[in-house]
Amino acid sequence: MLRVDIEKQLGEFSLTASFASEGRVIGLFGASGAGKTSLVNMIAGLLRPDRGTIVIDGETVDDSVAGIHVPTWRRRIGYVFQDARLFPHLNVAQNLDYGRRMNRLAPDPAQHKRVIELLDIGALQGRRPGKLSGGERQRVALGRALLSRPRLLLLDEPLGALDEGRKMEILPYLVRLRDEANVPMVYVSHDAAELRQLATQIVMLKQGRVTSFGGVKVLT
Amino acid sequence: MLDLSPAEWTAILLSLRVAIIATLVATPFGIALAWLLARRDFWGKSVLDALVHLPLVLPPVVTGYLLLLTFGRRGLVGGFLADTLGIVFAFRWTGAALACGLMSFPLLVRPMRLSIEAIDRRLEQAAETLGATPWKVFFTVTLPLALPGVLAGMVLGFAKAIGEFGATITFVSNIPGETQTISSAIYSLIQTPDGDAAAGRLVIVSIVLALGALIAAEWFARRATARLHGN
């Protein structure tokens, strides 16, 4: 599903990562500053690796030797950021529809309905992002990413900006997403407990290096 | 209340026409330049930035004279445009629009640039991850979020254009009905005996237009802030 073998120099910091996974949810675990976000940004195409390859769902999206670097907008990935990043000038319904419009996909009312029910965001449709709570914003961001029909969903600490209570409010949605949405995910977190609940495989990062790779057991 | 004579109306309407055309033509260039200065790093950026601001600090008579040399009938560009496209700037209202557009350009670009700089680039990244090409990102995220700043720049540029005097009179002279704007009409009136009352009326019109534009620009700027916060 996802194969990564890259090197990247970011100022003083060097990042080297190599792993291949068929897992449904790859948990990217490490302390802050370990290089998790840089790695996810490379999978998304927002950062270009200095050397190496990235393969998503059989398609090579980065290959430094062959000079391949597929731009972000053609990678068909969904990205949920820690800070939601909803478009402030659009309401919730328009935010949700954005990816479908940009990719010129035909409307799929059944999928639309399923995602909205899954995330419980039906009542928010007409609101502007400024009028949403942090948890609601993050659920809409999840829905927006899913409705662009990605082949891989990247979640970069989606609960990071929320307090404990809110986290507990979102976590069940993520579990349902994993079990029902059928989209493979890369889930970034520095919280082992969170990953134990969600991930099927773990990539552990420490100071820009992969220190272990395997089942959820490596978290202990 | 203000009893304006036909000659005064002519000057006011001409000023409005000149300023509207100048603003509308300058706007796409202004947006492109604002984006370039806000979002790109390139060689010669500071020179370009200085060049845009030059009309603000250069004596207007110098700008007008340079326009005359370049866009006059025998000027390098002016001669070419007259011969090939039949577009004449010298001593025409179109020349007044060119002078006003150039003089107001720094004021027009500035709010546009600031509003583009204020947009969170991470929103543009988010749009890319959702499948938007750079052009679509610009038209669906950057431009809508910058719109209040774009309008504020247009209003400010318009206000500056309607009051422009030095470069315009140097480049296209002061011909009633063709190039005599409010400013040059006031200038003529205060040099004629008994012109005081008419000059006074045009002065009031100028103040009203300028104040109205400033208030509008301020209102758009406040809208921009609200928009960026998603309310």
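Biologist: Which residue follows helix 6 of chain B, and what is its phi?

Modeller: Please note at the outset that this is a predicted model. The residue after helix 6 of chain B is G131(B), with a positive phi near 100 degrees.

Biologist: Which residues of helix 6 of chain B are buried, and what do they pack against?

Modeller: The general idea concerns the helical repeat. An α-helix has 3.6 residues a turn, so residues three or four places apart point the same way. In helix 6 of chain B (residues 121-129), the buried residues are L123(B), A126(B), A127(B), E128(B) and T129(B). They pack against helix 7 (134-163) of chain B, and also against helix 1 (36-44) and strand 7 of chain A.

Biologist: How many residues does each chain bring to the contact between chain A and chain B?

Modeller: Chain A contributes 21 residues and chain B contributes 19 residues. On the side of chain A, strand 7 (77-80) and helix 2 (92-102) each supply at least two residues. Sorted by class, that side of chain A comprises 11 nonpolar, seven polar and three charged residues.

Biologist: How many helices and strands does chain B have?

Modeller: Chain B has 10 helices and zero strands. Its C-alpha atoms occupy a box of roughly 70 × 45 × 30 Å along the principal axes. Of its 231 residues, 44% count as buried. Among contacts in chain B with a separation of 6 or more, 77% join residues 24 or more positions apart.

Biologist: How should I read a pair of packed helices?

Modeller: Two packed helices are described by the angle between their axes and the distance between the axes. Helix 1 (residues 6-39) and helix 5 (residues 93-117) of chain B pack at about 40 degrees, and their axes lie 6 Å apart. These two helices of chain B are therefore oblique to each other. Helix 1 of chain B passes helix 5 of chain B in a right-handed crossing. Their contact has 22 nonpolar, three polar and four charged residues.

Biologist: At what angle do helix 3 and helix 5 of chain B cross, and which residues meet there?

Modeller: The axes of helix 3 (residues 60-71) and helix 5 of chain B cross at roughly 130 degrees and come within 11 Å. Helix 3 of chain B is therefore oblique to helix 5 of chain B. This crossing is right-handed. From helix 3 of chain B, P60(B), T63(B), G64(B), L67(B) and F71(B) meet G95(B), L98(B), A99(B), L102(B) and M103(B) of helix 5 of chain B. The contact has seven nonpolar, three polar and no charged residues.

Biologist: Are helix 4 and helix 5 of chain A roughly parallel or oblique, and why?

Modeller: Helix 4 (residues 134-147) and helix 5 (residues 164-180) of chain A pack at an angle of about 15 degrees, with axes 10 Å apart. Because angles under 35 degrees count as roughly parallel, helix 4 of chain A is roughly parallel to helix 5 of chain A. Their crossing is right-handed. The residues that meet include Q138(A) and L142(A) from helix 4 of chain A, and I170(A) and Y173(A) from helix 5 of chain A. By class, this contact has four nonpolar, three polar and three charged residues.

Biologist: In what sense do strand 1 and strand 2 of chain A pair?

Modeller: In a regular strand the side chains alternate between the two faces of the sheet. Strand 1 (residues 2-10) and strand 2 (residues 13-21) of chain A pair in the antiparallel sense over nine bridges. The bridge partner of D5(A) is S18(A) in strand 2 of chain A. Their hairpin has two residues between the strands, and G11(A) takes a positive phi near 65 degrees there.

Terms used
Residues are numbered from 1 along each chain as its sequence is written. Chains are lettered from A and ligands numbered from 1 in the order in which they are written. This is a predicted model: local features need pLDDT of at least 70, side-chain atom pairs count only at pLDDT 80 or more; totals for chains, interfaces and linings use all residues. Two residues are in contact if their C-beta atoms, placed from the backbone, lie within 7 Å. Helices (H or I, at least four residues) and strands (E, at least two) are DSSP runs, numbered from the N terminus. Ala, Val, Leu, Ile, Met, Phe, Trp, Tyr, Cys and Pro count as nonpolar, Asp, Glu, Lys and Arg as charged, and the others, Gly among them, as polar. Axes are lines fitted to C-alpha atoms, for helices over the stretch in contact, and angles run from 0 to 180 degrees between N-to-C directions. Angles under 35 degrees count as roughly parallel, over 145 as roughly antiparallel, 65 to 115 as roughly perpendicular and the rest as oblique. A crossing is left-handed if the near helix is turned anticlockwise from the far one by less than a right angle, and right-handed if clockwise. Two strands pair if DSSP finds at least two bridges between them. A residue is buried if 20 or more other C-beta atoms lie within 10 Å of its own, exposed if 12 or fewer, and partly exposed in between; C-beta atoms are placed from the backbone.
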